[in-house]
Amino acid sequence: MSLIVFHTIADCKAWLSEERAQKEGKSDTGFVPTMGYLHEGHASLIQKARAENDIVVVSIFVNPLQFGPSEDLDRYPRSLKQDLALCETLGVDLVFAPSVYEMYGETPIMTRIHVDQLGEYLCGASRPGHFDGVCTVVAKLFQIFAPTKAYFGKKDAQQWRILRRMVADLSIDVSIIPCPIVRENDGLAKSSRNVYLTAEQRREAPALQQALQQVLRRFQEGERNVDKLRDVAMDRLNAVPGLRLDYLSFVDDETLTKVMTVDEHHTVLCAVAAYFGSTRLIDNQELVGL
Ligand code: AMP
């Protein structure tokens, strides 16, 4: 079957209900929400969705609700033609590529989904309202596609944890599947935003992952004190002239609250966000207790 591309919610709903009726119970649906400008990170989620489901849906929508007023909504990179070609190669059944008008209509949206606490730490602190925008669009997309499983990258460590909480709290019947971070050869996490980096910033950007790797190594050697682990990361990050740190945090894997030591029985998330010029990059490393 060749790729189907729809721009309206009504078309998606009509196609899905027919497809599900025809497949008679064999219609597990894997859903991969994206903002497009697809790279191997997105592709890895799509491949997993393809392997685990009967129907695979990808959405491509640069969601204005999750951008702050001084953020990069207008210049966010777009490449629908190449994205569709990649989706076709990966065996996607349906791509939903709506306009802002199709998603939100003429009047400003009045309903937003807010996940307390989890949405306020880490990236939520420097991007107020960001996760409300994410949750609102993802809840709406879940409503449209009623997927069995939805695939999210661990690169956005806070995002998938918030969405997991959102679907539990709202009894939305979908499994949130976190997927490994896909990286460039030098360790930089693949991101649509890497295209903004100058050549010099691009050379410096792998420092984020290098700092996290050094933390992981020290953790594996037995260090459990967070201040000491932080020093290890800061030594690397401070050595990068073009880097402006937003945060480097050690938080509980579930509650996202700060921890002082890495308890043997809990997983701690070490998360970092930094600016290279005006480009904000994020990365993270899980420190898994015994
Ligand atoms: P975006 O288009 O940036 O909104 O990302 C769409 C999905 O792809 C999100 O679940 C991201 O976490 C995921 N993603 C983005 N970059 C990567 C990566 N390097 N590795 C794995 N997943 C990623």
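Helices α9 and α10 are roughly antiparallel to each other, because their axes cross at roughly 150 degrees and angles over 145 degrees count as roughly antiparallel. The model described here is predicted. The two axes come within 8 Å. The crossing of α9 past α10 is right-handed.

Which residues of α9 and α10 make the contact? From α9 come A207, L208, Q210, A211, Q214, V215, R218 and F219. From α10 come L229, V232, A233, R236 and L237. Sorted by class, this contact has nine nonpolar, two polar and two charged residues.

## Two domains

The domain assignment of the protein gives two parts. Domain 1 spans 4-179, and domain 2 spans 192-288. Their centres, taken over C-alpha atoms, are separated by 26 Å.

The domains also touch. On the domain 1 side, 23 residues are in contact with 20 residues of domain 2.

Look next at β8, which holds residues 267-276. Ten bridges link β8 and β9, and the pairing is antiparallel. Here A273 faces I282 of β9.

## The six-stranded sheet

A second open sheet has six strands, with parallel pairing. What is the order of the strands? It is β1-β4-β3-β2-β5-β6. Neighbouring strands are turned against each other by 25 degrees on average, direction ignored.

Strand β1 runs parallel to β4 (residues 94-96), and three bridges join the two. Across this pair, F6 stands opposite F96 in β4. Helix α3 (residues 80-89) touches β1, β3 (55-60) and β4. The direction of α3 makes about 170 degrees with that of β3. Helix α7 touches β5 (149-153) and β6. The direction of α7 makes about 170 degrees with that of β6.

## Helices α6 and α7

Two packed helices are described by the angle between their axes and the distance between the axes. Take α6 (residues 130-145) and α7 (residues 157-169). Their axes come within 11 Å and cross at roughly 55 degrees. That angle makes α6 and α7 oblique to each other. The crossing of α6 past α7 is right-handed.

On α6, the contact is made by F131, V134, C135, V138, A139 and F142. On α7, it is made by Q158, Q159, I162, L163, M166 and V167. How many residues of each class does the contact of α6 with α7 have? The contact has ten nonpolar, two polar and no charged residues.

## Helices α1 and α6

Helix α6 has another partner to follow. Helix α1 (residues 9-23) packs against α6 at an angle of about 45 degrees. The axes of α1 and α6 are 9 Å apart. With that angle, α1 is oblique to α6.

Where do α1 and α6 meet? In α1, the residues are I9, C12, K13, L16 and R20. In α6, they are K140, I144 and F145. By class, the contact of α1 with α6 has five nonpolar, no polar and three charged residues.

Terms used. Residues are numbered from 1 along each chain as its sequence is written. This is a predicted model: local features need pLDDT of at least 70, side-chain atom pairs count only at pLDDT 80 or more; totals for chains, interfaces and linings use all residues. Side-chain values use heavy atoms; hydrogens and water are left out. Two strands pair if DSSP finds at least two bridges between them. Helices (H or I, at least four residues) and strands (E, at least two) are DSSP runs, numbered from the N terminus. Axes are lines fitted to C-alpha atoms, for helices over the stretch in contact, and angles run from 0 to 180 degrees between N-to-C directions. Angles under 35 degrees count as roughly parallel, over 145 as roughly antiparallel, 65 to 115 as roughly perpendicular and the rest as oblique. A crossing is left-handed if the near helix is turned anticlockwise from the far one by less than a right angle, and right-handed if clockwise. Contact means heavy atoms within 4.5 Å. Ala, Val, Leu, Ile, Met, Phe, Trp, Tyr, Cys and Pro count as nonpolar, Asp, Glu, Lys and Arg as charged, and the others, Gly among them, as polar. Domain bounds come from an automatic or database domain assignment.
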